[in-house]
Amino acid sequence: MRKKEVIFMAKDIGMSKESRMGDRIKDYYNSIENMLDNPPKDIDYYYEMEKHLVQIEFFMHERLIHLIVTVTFAVLAIITILYTMVFPSIPMFGLVLLFFVLLIPYIKHYYLLENSVQKMYEQYDEMLKRKGQS
């Protein structure tokens, strides 16, 4: 696949450059679901699978980065909790609270990324199955 095709794929499904990753992954997943539910008569599943794999790679990279960040924050939160148990102080309690406030959205976003990528694998399998039938 040429680079221009990959760059313009985001425009093909109506995404702007400013889209948040969560919105982007949902929009992309839904566009593929729509394509699978109502496939065009002249669909080239090989081409669609190639485009889909590129998007999966992007989302897998995003998922890996968020896993690293989430685990790092979780480890720092645990270390801070243990330190606070040994040396209690109000600033340390505030730091523990801050870590938990940050961890909740990170976990939520990672959950979205993980589940969406798993669903995209299923979409790819469906395209593979249909490619074999055409």
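Arg-63 and Glu-114 form a salt bridge through their side chains, at 3.3 Å from N to O. By salt bridge I mean a side-chain nitrogen of Lys or Arg within 4 Å of a carboxyl oxygen of Asp or Glu. This pair links distant parts of the chain, with Arg-63 in helix 3 and Glu-114 in helix 4, 51 residues apart. Helices here are DSSP runs of H or I with at least four residues, strands are runs of E with at least two, and both are numbered from the N terminus.

Before going on, a word on the source: this is a predicted model, where local features need pLDDT of at least 70, side-chain atom pairs count only at pLDDT 80 or more, and totals for chains, interfaces and linings use all residues. Residues are numbered from 1 along each chain as its sequence is written, and side-chain values use heavy atoms, leaving out hydrogens and water.

Are the two partners buried or exposed? Arg-63 is buried, at 15% relative accessible area, while Glu-114 is partly exposed at 22%. The cut-offs are under 20% for buried, over 50% for exposed, and partly exposed in between, with a 1.4 Å probe and protein chains only.

The count of salt bridges comes to four. Glu-126 takes part in a salt bridge with Lys-129, at 3.6 Å from N to O, and in another with Arg-130, at 2.8 Å. Shared partners join Glu-126, Lys-129 and Arg-130 into one network. Lys-129 lies three residues from Glu-126 in helix 4, so about one helical turn separates them. Arg-130 is four residues from Glu-126, again about one turn. Both Lys-129, at 47%, and Glu-126, at 24%, count as partly exposed.

Now helix 4 itself. Its 44 residues, 90-133, should span 64 Å at 1.5 Å a residue, and the end C-alpha atoms are 65 Å apart, which agrees. The expected span is 1.5 Å times one less than the number of residues. Buried residues of helix 4 include Met-92, Phe-99, Leu-112 and Met-120. The buried residues of this helix pack against helix 2 (21-37) and helix 3 (45-86).

Last, the whole chain. How many helices and strands are there? The protein chain has four helices and zero strands. Of its 134 residues, 31% count as buried. Among contacts (heavy atoms within 4.5 Å) between residues at least 6 apart in sequence, 79% join residues at least 24 apart.
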